[in-house]
Amino acid sequence: MIKVSDVTKHFDKFEVLSSLSMHVRKGTVYGLIGPNGAGKTTLINHINGVLKPESGKINVCGENVYENEDVKKKVLNIADDWFYFGGYTIKQMASFYKDMYPDFSKERYENLKQVFCLDEKRQIRKLSKGQKKQVAFWLCLSCMPDVLILDEPLDGLDPVMRKQVLNLVIADVADRELTVLVSSHNLRELEDICDWVGIIHQGKIIIEKPLDDIKGDICKYQVSFKEGGEKIIESMSGVLHSSKTGSVYNLIIKGNPDYIYDTLKSAEPVLLERIGLTLEEVFIYELGGLGYDFKNIIF
């Protein structure tokens with residue numbers, strides 16, 4: 001549904017995207033994560049068709065997206081600074097969207113009115129940040145897009161409305177095979193909705209896998225040894241992090257899970273327990289392996 005192939009982009013002499021490739025499959029929720037300055041927003045602006053790549057190709061819905069009006073009618077974007085006309089009411093903005101997007105569903109709009117419970121006659125500029133974000137989801141989901149791009153989409157929403165919005169998006173993914181590309185600093189929220197994850201670093205996608213596979217590549221263990229047993233740690237490859245609390249070692253190890261378990265088990269530990277990793281931990285340790293500086297982070 002979204003295919004980015006060897007895209008490069010410079011701003012002045014600074015290379016923001018460096019032969020970047022990624023693939024977002026139809027009917028999936030793809031989480032794009034990376035540190036500040038990694039190129040996330042620039043990549044999103046290319047997929048939106050706002051920026052033209054210097055080299056490489058970007059296809060959305062099977063077509064080149066740049067200056068392609070037909071494709072752009074199928075792609076909706078909700079950014080943290082979502083655009084609206086300052087003097088427009090919600091109803092007037094809905095009328096604008098209806099004229100712009102041929103798949104706009106009046107029935108869907110009326111149904112979502114019951115979810116968001118906002119007065120159509122209010123000017124959008126007089127709403128709170130969270131209410132403006134609700135209007136953005138209300139209108140964009142009413143357009144019945146094929147692709148929905150979300151850049152820090154839930155900022156400003158209260159916990160109840162966050163859950164409501166996520167449920168609506170996930171329902172569209174299941175019912176209509178909506179394709180969602182979402183970028184957010186809140187990795188815990190991404191973990192709740194994503195099927196796939198792409199990690200961008202220095203203008204390149206360094207990892208692109210199903211979420212479950214990414215978590216499977218890195219193991220977190222708590223282990224305690226008899227005297228001398230801890231020497232097994234020194235012999236193991238792929239140890240990303242090792243710390244000790246009392247007699248218990250906390251280990252983060254990248255590699256084959258079965259091999260890691262069997263190797264630790266061979267030292268006849270007193271305690272051996274595998275603990276589930278969060279997406280946030282995967283992100284931190286993957287970038288740490290690339291030299292990204294996390295020395296001041298306390299775990």
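What share of the contacts in the protein between residues at least 6 apart in sequence join residues at least 24 apart? Here are some notes from a read through this predicted model, starting with that point.

1. **Contacts along the chain.** The share is 68%: that is how much of the set of contacts between residues at least 6 apart joins residues at least 24 apart in sequence.

2. **Overall make-up.** The protein has 299 residues, and 47% of them count as buried. Its secondary structure comprises 11 helices and 14 strands. Taken along the principal axes, the C-alpha atoms fill a box of roughly 75 × 45 × 35 Å.

3. **Cysteines.** With a cut-off of 2.5 Å between cysteine sulfur atoms, the count of disulfides is zero. Cys61 is in no disulfide, as its nearest cysteine sulfur, on Cys143, is 14 Å away. Cys143 is likewise in no disulfide, and for this residue the nearest cysteine sulfur is that of Cys140, at 6.1 Å. Cys143 has 1% relative accessibility, so it counts as buried.

4. **Around Cys61.** This residue sits in the loop between β4 (55–60) and β5 (63–64). Leaving aside residues up to four places away in sequence, Cys61 touches Met1, Lys74, Asp146 and Val147. Cys61 and Lys72 are 11 residues apart in sequence, with a C-alpha to C-alpha distance of 9.8 Å.

5. **Helix α1.** How many of the eight residues of helix α1 are buried? Six of them are, so this helix (residues 40–47) is largely enclosed by the rest of the structure. The buried residues are Lys40, Thr42, Leu43, Ile44, His46 and Ile47. An α-helix has 3.6 residues a turn, so residues three or four places apart point the same way. Just after α1, Gly49 takes a positive phi of about 85 degrees.

6. Asp6 has a phi near 50 degrees, a positive value in a residue other than glycine. Asp6 belongs to strand β1 (residues 2–11), and at 47% relative accessibility it counts as partly exposed. Met144 is not a glycine either, yet has a positive phi of about 50 degrees. Met144 is found in the loop between α5 (129–142) and β7 (147–151), and its relative accessibility of 23% makes it partly exposed.

7. **Asn250.** Is Asn250 buried or exposed? Its relative accessibility is 18%, and buried means under 20%, so Asn250 counts as buried. The residue is part of strand β13 (residues 248–254). Its side chain makes a polar contact of 3.4 Å with the side chain of Gln222. Not counting residues up to four places away in sequence, Asn250 touches Tyr221, Gln222, His241, Ser242, Ser243 and Thr245.

How values were computed
Residues are numbered from 1 along each chain as its sequence is written. This is a predicted model: local features need pLDDT of at least 70, side-chain atom pairs count only at pLDDT 80 or more; totals for chains, interfaces and linings use all residues. Side-chain values use heavy atoms; hydrogens and water are left out. Buried means under 20% relative accessible area, exposed over 50%, partly exposed in between (1.4 Å probe, protein chains only). Helices (H or I, at least four residues) and strands (E, at least two) are DSSP runs, numbered from the N terminus. Contact means heavy atoms within 4.5 Å. A polar contact is a pair of N or O atoms within 3.5 Å; within protein, one must be able to donate a hydrogen and the other to accept it, and residues adjacent in sequence count only if both atoms are side-chain atoms.
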